Amino acid sequence: MPENDIIVKKIVDIKTDTLYPGKPYIPINPRELCTVAYMTDGQLKYTVGESSHVVRKGEIIFIHGGNIDISEAFECSQVSYILADFSPLDDHFEFPTRISVSSAVGARISELFSEMYSIWRSGAISRKTKCMARLYSILSILADEIFEKSRDSYRFRKLLPAIEYINKYCLEPGFNRARLAELSNMSAVNLNRLFKEYFGVTVGEYINNRQMDEAKTLLMNSSNTISEIAIKCGFADIYSFSHSFHRNTGLSPTEWRKM
């Protein structure tokens, strides 16, 4: 995602709202303001043009100005949210409509929205300044989340050929690890680095985890011998399989089967 700072010219309103089934909100004129809202209950269906987004509790919706749109409760008794209406200095920035975040990030954004709402309602002479600071914090957090997701998407696309090859062939006796870097069009060092960044494990650990998952399933749900399971999971012999299994689980295959 290119760098695109949002400069807020002014905050116009901070409020809560609730929509009910069969009573959508449809502005008469195109929106003059941008809106960022945090869903506190239910789920919202937001439609602009031919594009629709379902935004659920704990997620954020970003609405650009200049549109006629429809907001409505979707498959729930009501949808509630806290929103901030604001005017940007210019419209030359990109933000997705629906933004999902981790629970920790969502909790922080919820806290910031609640603080904004309380400050706004207080009528304090400095309320706009204080709310502006919190709005910038929210937008900054969201920009970082969007950037990380775009990085994750890029990394996953780069890794996908290797992942598909591993999932399809890593249990086969002739599995060729050397092909992974070639399929991903990068060096083995870079492939390993990208795996570590995305999955938190090396290529070898990822393959071993896949083999161990299959081995555990076979040990619990089949009558195959340990030697047969070793072969089915891509190991050359029972000794290398048993060593790898013990390193992964702390138990021998026989001990695991007896659990």
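1. How many residues lie between β3 and β4 in their hairpin, and which turn residue has a positive phi? There are two residues between the strands, and the one to look at is Gly49, with a phi of about 65°. Bear in mind while browsing that this is a predicted model.

2. On the pairing itself: β3 covers residues 43-48 and β4 residues 51-56, and six bridges hold them in the antiparallel sense.

3. Now the aromatics. Searching the whole structure turns up eleven aromatic pairs. One of them is Tyr165 with Tyr169, a tilted pair with 5.0 Å from centre to centre and 50° between the planes. Both tyrosines belong to helix α2 (residues 127-169), where they sit four residues apart, about one turn of the helix. Tyr165 counts as buried because its relative accessibility, 11%, is under the 20% cut-off, whereas Tyr169 is partly exposed at 33%.

4. Phe199 and Tyr206 make another tilted pair, since their planes meet at 45°, with the ring centres 4.9 Å apart. Phe199 is partly exposed, at 31% relative accessible area, while Tyr206 is buried at 16%.

5. Two more places worth a click. Phe235, Phe241, Phe245 and Trp256 are linked by ring pairs into a cluster. Separately, Arg127 lies over the face of Trp120, 4.1 Å from the ring centre.

Key. Residues numbered from 1 in each chain as written. Predicted model: local features only at pLDDT ≥ 70, side-chain atom pairs only at ≥ 80, totals over all residues. Heavy atoms only, no water. Pairing = 2+ DSSP bridges. Phe/Tyr/Trp six-rings, centres within 6.5 Å; stacked < 30°, edge-to-face > 60°. Buried < 20%, exposed > 50% of the residue type's maximum accessible area, 1.4 Å probe, protein only. Lys NZ or Arg CZ within 6 Å of the ring centre and 35° of its normal.
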